[in-house]
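Hi,

Here is the structure I promised to pass on. Could you have a look at it before reading my notes below?

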Amino acid sequence: MRPMKPKLAFTLILTCHLLMACGQSSSRQSTSVPTPITMNEQTIPSKEELKQRLSPDQWYITQEKGTERPFTGEFWDHHEKGTYSCVCCGLPLFLSDTKFDSGCGWPSFFRVIKKENVKETLDKSHGMIRTEINCGRCGAHLGHVFNDGPPPTGLRYCLNSGAMTFNAEK
Ligand SMILES: [Zn+2]
């Protein structure tokens with residue numbers, strides 16, 4: 001094998017430096033944006049991206065229809081004013097104004113931000129008949145909705161904290 005020509009080696013080193021510089025500047029840009037997801041885009045993140053970005057609990061809940069243990073999630077006892085969004089795609093789901101203390105150990109809401117932002121499907125797993133709720137954009141599993149909520153809707157959207165992110169009202 002012949003040794004690499006000095007000129008070629010120099011070009012390669014220069015190219016590497018340029019690529020690294022580009023990588024640094026783009027990572028600097030992304031740190032100035034609070035979330036990597038553009039809220040107004042109809043972007044559905046790929047499974048690969050989600051696998052890398054989500055915690056094991058968030059993955060289990062949203063992708064494998066898991067349920068976090070009650071009184072353990074980030075938001076069951078969370079009372080700040082703001083918006084709860086899908087942890088996978090960033091679609092806004094619930095406002096803090098519609099959150100109530102259901103005593104069940106999971107964050108509960110009586111109304112969704114927009115009807116189409118949450119999809120409902122019949123869930124017959126675990127020997128129960130329940131209505132599963134999923135993100136209206138990316139299909140992530142969120143929790144269930146029940147008919148024992150407070151007025152004015154009578155609904156109780158029972159969420160997993162791990163399915164949501166929270167943005168405080170400014
Ligand atoms: Zn989503």
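**Starting at a turn**

His126 counts as exposed, with 7 C-beta neighbours inside 10 Å; the cut-offs for other C-beta atoms within 10 Å of a residue's own are 20 or more for buried, 12 or fewer for exposed and partly exposed in between, with C-beta atoms placed from the backbone. Its phi is positive, about 55°, although His126 is not a glycine. You'll find His126 in the loop between β5 and β6, and those two strands make a hairpin with six residues between them. Strand β5 (residues 118-123) and strand β6 (residues 130-135) run antiparallel and are joined by six bridges; Val118 stands opposite Cys135 in β6.

**What you're looking at**

Bear in mind that this is a predicted model: local features need pLDDT of at least 70 and side-chain atom pairs count only at pLDDT 80 or more, while totals for chains, interfaces and linings use all residues. Residues are numbered from 1 along each chain as its sequence is written. The mean pLDDT (the predictor's confidence in each residue, from 0 to 100) is 85 for the chain, and 75% of its residues reach 70 or more. Take care with residues 8-40: pLDDT stays under 50 there, and the model has eight contacts for them beyond four places in sequence. A contact here means that the C-beta atoms of two residues, placed from the backbone, lie within 7 Å.

The chain has three helices and nine strands, taken as DSSP runs numbered from the N terminus (helices are H or I, at least four residues; strands are E, at least two). From the N terminus on, the elements run α-α-α-β-β-β-β-β-β-β-β-β. Of the 170 residues, 26% count as buried. Among contacts between residues at least 6 apart in sequence, 56% join residues at least 24 apart.

**Sheet and core**

Three strands form an open antiparallel sheet in the order β2-β1-β9, where pairing takes at least two DSSP bridges between two strands. The edge strands are β2 (92-95) and β9 (164-168), each of which pairs on one side only. Strand β1 (residues 82-86) pairs with β2 in the antiparallel sense over three bridges, and Tyr84 stands opposite Phe94 in β2.

The largest nonpolar core has 26 residues, and those with the most contacts inside it are Cys86, Leu93, Tyr157, Leu159 and Met164. Such a core is a set of buried Ala, Val, Leu, Ile, Met, Phe, Trp, Tyr and Cys residues joined through C-beta atoms within 7 Å. Two or more residues each come from β1, β2, β6, β7 (141-146) and β8 (156-159), and β8 gives the most, with three. Leaving aside neighbours within four places in sequence, Met164 is in contact with Phe75, Tyr84, Ser85, Cys86, Val87, Leu93 and Leu159.

**A few loop residues**

Gly162 sits in the loop between β8 and β9 and is buried, with 24 other C-beta atoms within 10 Å. Gly162 and Pro56 are 106 residues apart in sequence and 9.7 Å apart in space, C-alpha to C-alpha. Beyond four places in sequence, the contacts of Gly162 include Asp57, Ile61 and Val87.

Lys65, in the loop between α3 (56-64) and β1, is another residue other than glycine with a positive phi, near 55°. Lys65 is partly exposed, with 16 other C-beta atoms within 10 Å.

Finally, the peptide bond from Pro151 to Pro152 is cis, with omega near 5°; Pro152 is in the loop between β7 and β8.

Cheers
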